[in-house]
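Here is a short briefing to keep beside the structure while you look around.

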Amino acid sequence: MKAQQDRLLPPDITFASMTQRISDLVLKERAPFGWWVGVIICALLSLMFVVALSVLFTVGVGIFGITIPVAWGMPILNTIWWIGIAHAGTLISAVLLITRQPWRAGINRFAEAMAMFAIVCAGIYPIMHLGRPQFFYYLLPYPNTMGLWPQWRSPLVWDFFAIFTYLVFTASFLYMSLLPDLATLRDRARGWKAKAYGALAVGWRGSAAHWERYEKANMVMAALATPIVVTVTGIISLDLAVSIVPGFHFTIFPPYFVAGALFSGFSTVALLAVVLRSLFNLKDLVTRVHLDYLGRMMLLFSLIVAYAYSQEIFTAFYTGEDYYRTVYFDRWTGPYAPIWWSMITCNVVLTQLLWFKGVRRSPIAILCLAITSNLGMWLERFQIVFTSTHADYMPSNWGTIWPTGWDWAAYLGSLGLFGLLLLIFVKLTPLISLHDMRGLIARRQGKEQARQEKSS
């Protein structure tokens, strides 16, 4: 078994056996017990999310830990965090597709789904943060018959266009990749399931013309993915960087946020890979090789994030401004100091274990490091949003602000919503991309045939 997990594919797998195995997870096999446990827990957390939203829309944003000068609290923090998680799924599907990386095949489907549902969670938070969420349509460029128009200098307007653009792109990319697999399910299903998958497959026949157009469309969308990812995260970072608040006003924020987003995103993909391969017994298809590559990506972006931390500190002290220096002395020794040091431990210190191959190929080790990395990136957003503003230019405004119970209820509820959507998705569609795995099998068979011809 261990030898099989050291390969991208088991040696005895064929087109027929692979198609049968993955499609049966959707059409024939009952969901495992762990799936039901996860659905129940996530459904309860989602219900808590609904309750928190109901109280928020009834009472107002005062239920959150938002008090001047900390005007941006958990809603903005979680918006940035969820957007970061969404990005790695797109890059796995796009950049790895362009570079023809074979290890992409086993993990790209749930990575794309992760990106889709994470951006949905991210899009809810800016609306939650509005004082009057019922007027969220003021952010839209609707006809100006009422003499109103979005305030283009407001970061909320930037957030709307960035998140909406990424949502549309991610949904299109995910549906595009699902088309051949939906046709496979249509051909293997019976009754109403065949009709449902047939409607979603929109007449896919697998002809040469269909495949030609599919490959071209896929490559075009993959080429668009990278600038969209960078643009969306860059816009979110400008919400902070365009201000003159010490701790926010750094030109390094756009690339810094992109690297942090990819770090947390790849960490979440690694977490999902470990959980789903164990839940659906796919250890021979999502192998230790996949975990190894994901660990390498986590290490790469961890080092970039560590470099960004050092440059942020250098810039603050190089400017010679006492206010910028005070922000960092406060982060290191003030009331939020445990947040900063925990962030460094999770994002910089613990990830150095990924230099070791045994750690990268250990599911338990990767799972633990993925959890701590996501925690560290959440703490990073916390220290940026809270510690940069809790002690401003007027000492009379200084205060230590902490999230309230409703902040935590909304955050945990969004985690439940994300988990619930993902668990439902992997039970209704193939967890692993069938057509990408077929391409991997065909590549292996071609190499074996070429090797035999060369030896003969």
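The accessible surface of the protein chain is about 20,300 Å², and 69% of that area belongs to carbon and sulfur atoms. Please keep in mind that this is a predicted model. The secondary structure consists of 16 helices and 0 strands.

**Overall shape and packing**
- The radius of gyration is 23 Å, which agrees with the value near 23 Å that a compact globule of 456 residues would have.
- Along the principal axes, the C-alpha atoms fill a box of roughly 80 × 55 × 40 Å.
- Buried residues make up 53% of the 456 in the protein chain.
- Among contacts with a separation of 6 or more, 81% are between residues 24 or more positions apart.

**Charge**
- The protein chain carries 35 positive and 23 negative side chains.
- The centres of these two sets lie 10 Å apart.

**Two backbone spots to look at**
- Most residues other than glycine have a negative phi.
- Val 202 has a positive phi, near 45 degrees, and is not a glycine.
- You will find Val 202 in the loop between α7 (192-201) and α8 (208-241).
- Val 202 counts as exposed because its relative accessibility is 56%, and the cut-off for exposed is over 50%.
- Asn 281 also has a positive phi, of about 55 degrees, without being a glycine.
- The loop between α9 (253-279) and α10 (288-318) is where Asn 281 sits.
- With 55% relative accessibility, Asn 281 counts as exposed.

Technical notes. Residues are numbered from 1 along each chain as its sequence is written. This is a predicted model: local features need pLDDT of at least 70, side-chain atom pairs count only at pLDDT 80 or more; totals for chains, interfaces and linings use all residues. Side-chain values use heavy atoms; hydrogens and water are left out. Helices (H or I, at least four residues) and strands (E, at least two) are DSSP runs, numbered from the N terminus. The radius of gyration is taken over C-alpha atoms; the globule rule is 2.2 Å times the number of residues to the power 0.38. Buried means under 20% relative accessible area, exposed over 50%, partly exposed in between (1.4 Å probe, protein chains only). Contact means heavy atoms within 4.5 Å. Accessible areas come from the Shrake-Rupley method with a 1.4 Å probe; for residues, only the protein chains shown count as cover. Lys and Arg count as positive and Asp and Glu as negative; His and the chain ends are not counted. The place of a charge is taken as NZ of Lys, CZ of Arg, CG of Asp or CD of Glu.
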